[in-house]
Structures are given as C-alpha cells and as structure tokens.
Amino acid sequence: MLNLLIEIQKNKSLIKKEKRALKTVLNISVMKDLKKKFDDKKIHYIKLDKELKGIRKNIEITEKKINEVKDELEKDENKLYSNLKYDLKLIKSLEKSIESKKDEIKNMEDKSLEFMYEEEKISSDKKKNRKELVDLRNKFYEFKENGSKEILKVKEVIEKAEKDISNLEREIPEELLDEFNEISEAKGTGAAELYDGVCTGCKMKVSAITIDNIKKNKKIVYCDNCGRIVHCKYD
Ligand SMILES: [Zn+2]
C-alpha cells in the first residue's frame, strides 16, 4: 500500500516539475527580446526609408535645376553664336554668364552624384535591414510554434500523471488517503520509505518503537520525527 502512496507522490512531483518546465518552454523573456529587436529594427527601417525619400527628392530637385540651368546656358550660347553684330560688351557678358552657368552645372552634378552615392548606400542598408526584419519575424514565429508543440507535449505528460494519480487513489482506502493528503499538504510529501531504519522524508533514523510498530504490521505507522507515513497495512 505504501508503494501506491509513493507512486502518487512521484506523479505529483512530476506534475510540479513539468509545470515549471512549461514556464521555461514559453520563455517569455526570449520572446520579448525578439519582439523588442524587431520593433527597434522597424523604427530604424522607417528612418532609412524617410532618409531615402529625402535624398531621392534632393536628386530630383537637383536634376531639375541642372536642366533649367542647361536650358539657360543653351539660350546664352545661342545668343552668343547668333550675335552677328559683334557687340563686344554683350559677348563678354554672355561668356561670363556661360562660364558661371557651366560652373554651376558642374557643382550641381557633383552634388547630384554625391546624393546618388548616398542613395545607393542607404538603399542597400535598407535592403539589409529588411532582410533582418524578415529573419527576426520568422525566428519569432518559429520560436512560438516550437513552444506550442512543446507545451502540448508537457500537457500530455501532466494529463497522464493526473490520470495515474486518480487511478492509484481509487485503490487506496479513503481513511488512509485523507491522512496522506493532510500530511502532504503540510509537508509537501505524505509518505516516505525507510532505508536501514532511516526515513527518506526527513533523513532521520526512526525510533525502535516505530520499527516495532512496523514489525507488528499496524494499519498506519508514522515516522516519529517528521510524521510521514512510513508503513501502512490495509486488507
Ligand atoms: Zn521522517
């Protein structure tokens, strides 16, 4: 009969252990960490996207301005070459204007190239960032899915242990079971085996009287140190 009580205890401690494992499986902190990384990267991604849009706008504006100045330059050149009257003052002023427009165009083209270079760099950063975001998201869901599978397994173990407990309890007389449950509630475990006269519940040697009671095969014998059931005999 004592072995049934011990068996119940083993199942109860298994349930406790599995419930603790469940918390580790869920590993909330890892999930939170992944979520935070994802959110941070997303903020960065949006920032890069804004920067990219800004630079593309700059390129557009610069290119537009370059074309405008090119048009003006062409007009100046047309004026210069069609200036048949050979107006020296006009020629000089046109040449000066052409020169300055050429400089302006060159500066703007340099600027535009810089923007393009920057655009390329941010664009590649953005792509990299996007890939990292996708990876993080996949990792998060993979983790979640594996967690769910693991939870199912743990739940099965717990359910089996609970079923075993209720089957075992059916074989135990009510009086003994009540005693056992009461001691279990107070001490964590209600029954203990004896090894060489030492109680496995409290690791203390039981008294000669206790040993004697066991020899007499009494209905219930308790450890005289911790009060756990160390022997029971029911027909
Ligand atoms: Zn004891």
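The legends below describe views of a predicted model.

**View 1. Overall shape of the predicted model.** The C-alpha atoms of the protein fill a box of roughly 140 × 30 × 20 Å, taken along the principal axes. The radius of gyration of the protein is 43 Å, whereas a compact globule of 235 residues would have one near 18 Å. Of the 235 residues, 31% count as buried.

**View 2. Domains and secondary structure.** The protein is divided into domain 1, residues 26-170, and domain 2, residues 174-232. The centres of domain 1 and domain 2, taken over C-alpha atoms, are separated by 73 Å. There are 5 helices and 4 strands in the protein, and along the sequence they follow the pattern α-α-α-α-β-β-α-β-β. Among contacts in the protein with a separation of 6 or more, 70% are accounted for by residues 24 or more positions apart.

View 3. Thr-62 lies in helix 2, which covers residues 28-81. Thr-62 counts as buried because its relative accessibility is 10%, and the cut-off for buried is under 20% relative accessible area. Leaving aside neighbours within four places in sequence, Thr-62 is in contact with Met-108, Ser-112 and Phe-115.

**View 4. The zinc site.** The zinc ion is coordinated by the SG atoms of Cys-199, Cys-202, Cys-223 and Cys-226, at 2.2 to 2.4 Å. The 4 donor atoms subtend angles of 104 to 115° around the zinc ion, so the arrangement is tetrahedral; four donors count as tetrahedral if all angles lie between 85 and 135 degrees. In sequence, the spacing of the donor residues is C-x2-C-x20-C-x2-C.

**View 5. Cys-202 and Cys-223 at the zinc ion.** Both residues are donors to the zinc ion through SG. Cys-202 lies in the loop between strand 2 (198-199) and helix 5 (208-215), and Cys-223 in the loop between strand 3 (220-222) and strand 4 (229-232), so the pair ties together parts that are 21 residues apart in sequence. Cys-202 is partly exposed, with a relative accessible area of 23%. Cys-223 is buried, at a relative accessible area of 2%.

Conventions: Residues are numbered from 1 along each chain as its sequence is written. This is a predicted model: local features need pLDDT of at least 70, side-chain atom pairs count only at pLDDT 80 or more; totals for chains, interfaces and linings use all residues. Side-chain values use heavy atoms; hydrogens and water are left out. Donors are N, O and S atoms within 2.8 Å of the metal (3.2 Å for Na, K and Ca); water is not among the atoms, so sites may look incomplete. Four donors count as tetrahedral if all angles lie between 85 and 135 degrees; four count as square planar and six as octahedral if opposite donors are over 155 degrees apart and all others between 65 and 115; anything else is irregular. Helices (H or I, at least four residues) and strands (E, at least two) are DSSP runs, numbered from the N terminus. Buried means under 20% relative accessible area, exposed over 50%, partly exposed in between (1.4 Å probe, protein chains only). Domain bounds come from an automatic or database domain assignment. The radius of gyration is taken over C-alpha atoms; the globule rule is 2.2 Å times the number of residues to the power 0.38. Contact means heavy atoms within 4.5 Å.
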